[in-house]
Amino acid sequence: QLLRAHVDRAPQITPEFGMEMAHSLLGVLVAFLHSFQRKVERFLEAPGEATPPDGATGRAIALVNCCPPFRTFAERLAQFGHPESEEPRRQAHAALDKVTRLCNHVLTQRLFEDLKPYFNKLMKRKWLTSSDAFDTIVMLITSFTQKLRPLRPEPYQVLVSEVHRRVLIEYVRPLLQVRLVCTSAKMRARVAARLGDEARQLRELFSRLDSASPWLDSVVPRLRELLVLEDTAALQMEVGVLVRDFPDVRRKHVAAVLDVRGLRGQAARQEILGVVQDLEQSEAEPGLPRQRAFFSELAVAREVRCLPFHLPRLARLSRLRLRRPHPQRPGQAR
């Protein structure tokens, strides 16, 4: 209120004085916001505790709700047009972004701890026959977002978009861990059908929650297509679309999906993986902002080479090779 009073009165003297006053007050606001950021960091800390203490959710919501008025006022001060206002304006937004991330971490920490056991059940054989784990994930997310009603629209959108991104990352992670390898076209069809159905449910869920990140909705359908397409040229085209939509995808990610698919032919694999080869080797690829990063946050184990033998059969062949041949008796037919 004190800063606003000066901003309102100064231009009445002269426009130039109003501009200088606005620039000075922007510096005062930046100093205050840096102090606010440090206080928030200390206030939200819970040393030695795995989850936020009781009451942390309400405190985090109250603190993050302070950010939109501060951001609006910083913009108003910068709009007076002082030539040196851009840097303090940037500093003000950076401090408020940090406060928003700190509060969002507190708000979502317990949610993702609760979700973790159910994500661990995905992409296994039982997942093909039971939707219990996925249904629980949807229920927990829905219940969590009901607690966010006191949030102002701006921090709510930032939070829901980040939850949307992290949920999709945790959903795709077990697929890229190759927990499941399709041994037949029928099994591939079942896996693809389940992925398609759950992708639809996630899209509808985050649409209802007004997520501002609809670009995430295509990731699972794109990966699903890599399981159902039969023609190598069609698979190459689909990989090209995946790279266009998600520039941080790498060869190892596509290779993991091909492992899930059970694609054993090395010639076909190399043709498909060649689409992302240039991107992976490019040193000049600009880094994506964190809110647009996806595959770069997904570690993949070393590439699995799918063998044409089942492991029990391979073990029997190894034992046969190690066994010494018996000398033939005289006269025995060769």
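User: How many salt bridges does a search of the whole structure find?
Analyst: Keep in mind that this is a predicted model. To count here, a side-chain nitrogen of Lys or Arg has to sit within 4 Å of a carboxyl oxygen of Asp or Glu. Searching the whole structure that way gives 20 salt bridges.

User: Are helix 2 and helix 5 roughly parallel or roughly antiparallel?
Analyst: The axes of helix 2 (residues 15-44) and helix 5 (residues 86-119) come within 9 Å and cross at roughly 20°. Angles under 35 degrees count as roughly parallel. So helix 2 and helix 5 are roughly parallel.

User: In the contact of helix 2 with helix 5, how many residues are nonpolar?
Analyst: Helix 2 brings residues including Leu-26, Val-30 and Phe-36, and they meet a set in helix 5 including Ala-92, Leu-96 and Val-99. Four of the contact residues are polar and three charged, and the nonpolar ones number 14.

User: Which residue forms a salt bridge with Arg-261, and is Arg-261 buried or exposed?
Analyst: The partner is Glu-230, at 3.7 Å from N to O. Arg-261 lies in helix 12 (residues 251-261) and Glu-230 in the loop between helix 10 and helix 11, so the pair ties together parts 31 residues apart in sequence. Glu-230 is exposed at 56% relative accessible area. Arg-261 has 7%, and under 20% counts as buried, so the call for Arg-261 is buried.

User: Which residues are linked with Asp-245 in a network of salt bridges?
Analyst: Start with the pair Asp-245 and Arg-222, whose closest N and O atoms are 3.3 Å apart. That pair links helix 11 (residues 232-245) to helix 10 (residues 219-228). The network around Asp-245 takes in Arg-222, Glu-238 and Arg-244.

Conventions. Residues are numbered from 1 along each chain as its sequence is written. This is a predicted model: local features need pLDDT of at least 70, side-chain atom pairs count only at pLDDT 80 or more; totals for chains, interfaces and linings use all residues. Side-chain values use heavy atoms; hydrogens and water are left out. Axes are lines fitted to C-alpha atoms, for helices over the stretch in contact, and angles run from 0 to 180 degrees between N-to-C directions. Helices (H or I, at least four residues) and strands (E, at least two) are DSSP runs, numbered from the N terminus. Angles under 35 degrees count as roughly parallel, over 145 as roughly antiparallel, 65 to 115 as roughly perpendicular and the rest as oblique. Contact means heavy atoms within 4.5 Å. Ala, Val, Leu, Ile, Met, Phe, Trp, Tyr, Cys and Pro count as nonpolar, Asp, Glu, Lys and Arg as charged, and the others, Gly among them, as polar. Buried means under 20% relative accessible area, exposed over 50%, partly exposed in between (1.4 Å probe, protein chains only).
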